[in-house]
Each structure stands twice: as structure tokens, then as C-alpha cells.
Amino acid sequence: MTLKSKEDYPLILKVSDIQEILQIGKRIAYELMDQEGFPCIKIGKLKRVNRDKFFEWLDEQSK
């Protein structure tokens, strides 16, 4: 498995990107996207995440 860098991901992440980055399943990814403080963008029923905001959030979680 080749690890991707932050810049290898699109500017707007889908749930499948979140799954890949965090190595989690779809259900857990959607639960995470519903948590308060997670940088989720809701467009109708679609859920997307700004790549840079996601990686900022991820850095904050490790503090």
C-alpha cells in the first residue's frame, strides 16, 4: 500500500476518502461526519469535507 500525501487528495473529500485516510469503515466515517466540531459540509443529503479543514481537525485531535 502506497501512502498518499495530503496534496494527493481532492480539495473536497468524500466519505470514501475519509475512510481511506483513517482506515475506518463507511458506517464509522458517517458517524464521525455527524459529530459536533467535525468540518462537514452538507449539500442536501451529500456530505463532503474540505481537505485542508479535515487535516487541521485531524491535527487538533492528536493534541
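**Entry 1: what I have in hand.** I am working from a predicted model, so every value here is computed from that model.

**Entry 2: the helix pair.** I began with helix H1, residues 15-22, and helix H3, residues 51-61. I found that they pack at an angle of about 35 degrees, their axes lying 13 Å apart. I then looked up the hand of the crossing, and H1 passes H3 in a right-handed one.

Which residues make the contact? On the H1 side I noted Ile18, Ile21 and Leu22. On the H3 side I noted Phe54, Phe55 and Leu58.

Entry 3: Next I traced the strands. They form an open sheet of three in the order S1-S3-S2, and the pairing is antiparallel. Where do S1 and S2 stand? Strand S1 (12-13) and S2 are at the edges with a single partner strand each, so one side of each has no neighbour in the sheet.

I looked at S2 with S3 in detail: the two run antiparallel and are joined by four bridges. For a landmark there, I wrote down cysteine 40, which stands opposite valine 49 in S3.

**Entry 4: salt bridges.** How many salt bridges does the structure hold? I have six in my notes. As a reminder to myself, side chains of opposite charge can pair when their charged atoms come close.

I took glutamate 31 and arginine 27 to begin with; their side chains meet in a salt bridge at 2.7 Å, N to O. Both sit in helix H2 (residues 26-33), and because they are four residues apart there, about one helical turn separates them. I checked accessibility too: glutamate 31 is partly exposed at 41%, and arginine 27 is exposed at 57%.

I then turned to aspartate 34, which forms a salt bridge with lysine 47, with the closest N and O atoms 2.3 Å apart. Aspartate 34 is in the loop between H2 and strand S2 (40-43), while lysine 47 is in strand S3 (residues 46-50), so this pair ties together parts 13 residues apart in sequence. Is lysine 47 buried or exposed? I read a relative accessible area of 16% for lysine 47, which means that it counts as buried, the cut-off being under 20%. Aspartate 34, at 47%, counts as partly exposed.

I also looked up glutamate 60 and lysine 63, whose side chains meet in a salt bridge at 3.3 Å, N to O. Glutamate 60 is partly exposed at 48% relative accessibility. Lysine 63 is exposed, with a relative accessible area of 77%.

**Entry 5: a backbone angle.** I finished with glutamine 23, where phi is near 55 degrees. I flagged this as a positive value in a residue other than glycine. Where does glutamine 23 lie? I found glutamine 23 in the loop between H1 and H2. At 54% relative accessibility, glutamine 23 counts as exposed.

Definitions and conventions. Residues are numbered from 1 along each chain as its sequence is written. This is a predicted model: local features need pLDDT of at least 70, side-chain atom pairs count only at pLDDT 80 or more; totals for chains, interfaces and linings use all residues. Side-chain values use heavy atoms; hydrogens and water are left out. Axes are lines fitted to C-alpha atoms, for helices over the stretch in contact, and angles run from 0 to 180 degrees between N-to-C directions. A crossing is left-handed if the near helix is turned anticlockwise from the far one by less than a right angle, and right-handed if clockwise. Contact means heavy atoms within 4.5 Å. A salt bridge is a side-chain nitrogen of Lys or Arg within 4 Å of a carboxyl oxygen of Asp or Glu. Buried means under 20% relative accessible area, exposed over 50%, partly exposed in between (1.4 Å probe, protein chains only). Two strands pair if DSSP finds at least two bridges between them.
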